[in-house]
Amino acid sequence: MPQPGSNYAQPSQDGHFGQHGGRFVAETLIHALDELEALYEQAKADPEFQAEFAEDLARFVGRPSPLYFAKRLTERLGGPQIYLKREDLNHTGAHKINNCIGQALLARRMGKPRVIAETGAGQHGVATATVAARFGLECQVYMGAVDIARQALNVYRMKLLGASVVPVHSGSKTLKDALNEALRDWVTHVDDTHYIIGTVAGPHPYPMLVRDFQSVIGQEARSQCLQQMGRLPDALVACVGGGSNALGLFHPFIDDEAVRLVGVEAAGLGLETGRHAAPLNDGQVGVLHGNKTYLMQDADGQISDTHSVSAGLDYPGVGPEHSHLKDIGRAEYDAVTDEEALAAFRLLNQTEGIMPALESSHAVAWVVREAPQFDAGQIVVINLSGRGDKDIQTVADLDGTTL
Amino acid sequence: MSRIGQTLEALRSRRRTALVPFITAGDPHLKATVPALNALVQGGADLLELGVPFSDPEADGPAIQASSERALANGTGLRDVLGCVAEFRAGNDQTPVILMGYLNSVLAMGEGAFAAAALEAGVDGVIIVNLPPEESVSLRGALAEVGIDLILLAAPTSSDERLSAIDRAASGFVYLVSLKGTTGADHISVGEVNQNLARLRTHTQLPVLVGFGIKDGATARALGDQADGVVVGAAIVSRMAALGDDADAIPEALQQFVSEIRQALDA
Ligand SMILES: Cc1ncc(COP(=O)(O)O)c(C=O)c1O
């Protein structure tokens, strides 16, 4: 959290981050958003809720996650001291579970027996199915038909957890369409259903509450830095799909102006090819999925198909707070290609014995590329948002290896 | 008063329920759109709703989603939609035309440029499904400047406080969403709609039109006792889809279907 006296108070009362954010949804959903916002404000101030959240993060998720000094990677790159925030060690293998625990607790407080979610790679779907099992909630996950075909393992995993997985055949049949379908479900079952959005996007209050639940990453990292190194780091680096792992790490450092905040988008086949998923690097402001933000779109405002080797970054929008942080210059946003990410995936495996998710590999790849720009005394923290087991099939396919 | 206001007032004094059919511009192709609009008027439409296709129609059910996808597949953009309105207007200066779509289409053109182009084409009203009153200030201003109504939606879930806010921001009429769900849903309850309608009437003097899930003359008729008008969308779009690309069959079938609903309403 920003410290007391912070000038950074976002979002505004009505859910805007500068010109971004807001609530651009059908009127039918506004009541549910008002209700969620009121309940969240109450929960946030309630020590009992905070204790429940902390308890589950500790005993179910396994927090705090370590801040690990990547000694051999540091030596190999010959740049800054590199630390990894090990979100890959969380239960279910990624940061997504932090938010899901928080939102499942909110669903329980609202007395809503059913939760729904959208998923791309299946990580958020798995995390949602997991908390649904943990809290005894009915769970339905929407997933694009294309993604279902390429993420069979996670689909089966969700089913084992008792969730039903609904294939989405509309539009491009990927994550953005799964989000559309989840919104359609929500508008239809709004009385008994809570929608667990998986990233810092969507209509207010979602970008705010997902950020707050994920801020545990940055809170831990900040005190671990002070404890382990006796000072704050020089830069934080995280991949940006919707932007929840990045914002979770960045947000508690917002007022530490000497700390660089670097978000890394998916440049796919290269920014110049247009075949990427980097709206902050190459997009225009528009409205999609309930919020105003940078988007990949054509001149007529139609949302573009995106490309990234990493399914979790393959999204045409980005959380509105990132768009604001870009506009005010507090964070910087760069992009790395599929190829750079895959090279970093291999490098981290072989130098540290850690298999990063392809999403997280984008953050690692940025540090690999930019290491020469840093001094040896500088400290860089990479958010290792998830583990790469889910991506082994993808990497093997690219290698031409049949498993 | 706008063409929408005048039309609805005239209908009210004749005790006739407004019938508002919806089609998506460019479905199945652009050349079909103006003949289809004319056929709807021939069949007894009082106002027309023309859908602006969007890649991510999150408030629409399968029928209108598919229709939007067909229109996009043949390259229909907002300028083409406005072109259809202009062409329709050249032969009909009576029937109000309301565009229905999603905000991003308008933002991509720019709110001011859109308002000017819509005026020039002969558009009378605009419904943006994902634009609640709180976020509508700037578009409302741009449209008000050129005398185009921004029509807002009220929902079964809207609180009394919100219904008054909707009334304050709306012009032309208020569009009451009949049910919790997407367009084309099949769980409409006339009793519930009438309750919500009565509650809405305590907050607004504007005419109230009801839409979502109205599939046949009987339902239209049942709602028409209380509402100033009914919107029929997915049922029409599905009928068009069943005809495929058959350009000659579409106007005839639309006129036939709309006149059935018209007869039910007037019976
Ligand atoms: C491991 C991992 N990292 C990052 C992301 C991207 O999401 P976000 O930008 O919200 O952190 C995902 C999404 O699936 C993921 O699974």
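Rings of Phe, Tyr and Trp (its six-membered ring) pair if their centres lie within 6.5 Å, and a pair counts as stacked with planes under 30 degrees apart, as edge-to-face over 60, and as tilted for the rest. In this predicted model, local features need pLDDT of at least 70 and side-chain atom pairs count only at pLDDT 80 or more, while totals for chains, interfaces and linings use all residues. Residues are numbered from 1 along each chain as its sequence is written, chains are lettered from A and ligands numbered from 1 in the order in which they are written, and side-chain values use heavy atoms, with hydrogens and water left out.

Ring pairs join A:Tyr40, A:Phe49, A:Phe53 and A:Phe213 into a cluster. Over all chains, the structure holds 10 aromatic pairs. In one of them, the ring centres of A:Trp186 and A:Tyr195 are 6.0 Å apart and the planes stand at 65°, so this pair is edge-to-face. A:Trp186 is buried (under 20% relative accessible area, whereas exposed means over 50% and partly exposed in between, with a 1.4 Å probe and protein chains only), since its relative accessibility is 1%, and A:Tyr195 is buried at 0%.

The rings of B:Phe54 and B:Tyr102, by contrast, have centres 5.5 Å apart and planes at 25°, so they are stacked. This pair links distant parts of the chain, 48 residues apart. B:Phe54 is buried at a relative accessible area of 4%, and B:Tyr102 is likewise buried at 4%.

Notes
Helices (H or I, at least four residues) and strands (E, at least two) are DSSP runs, numbered from the N terminus.
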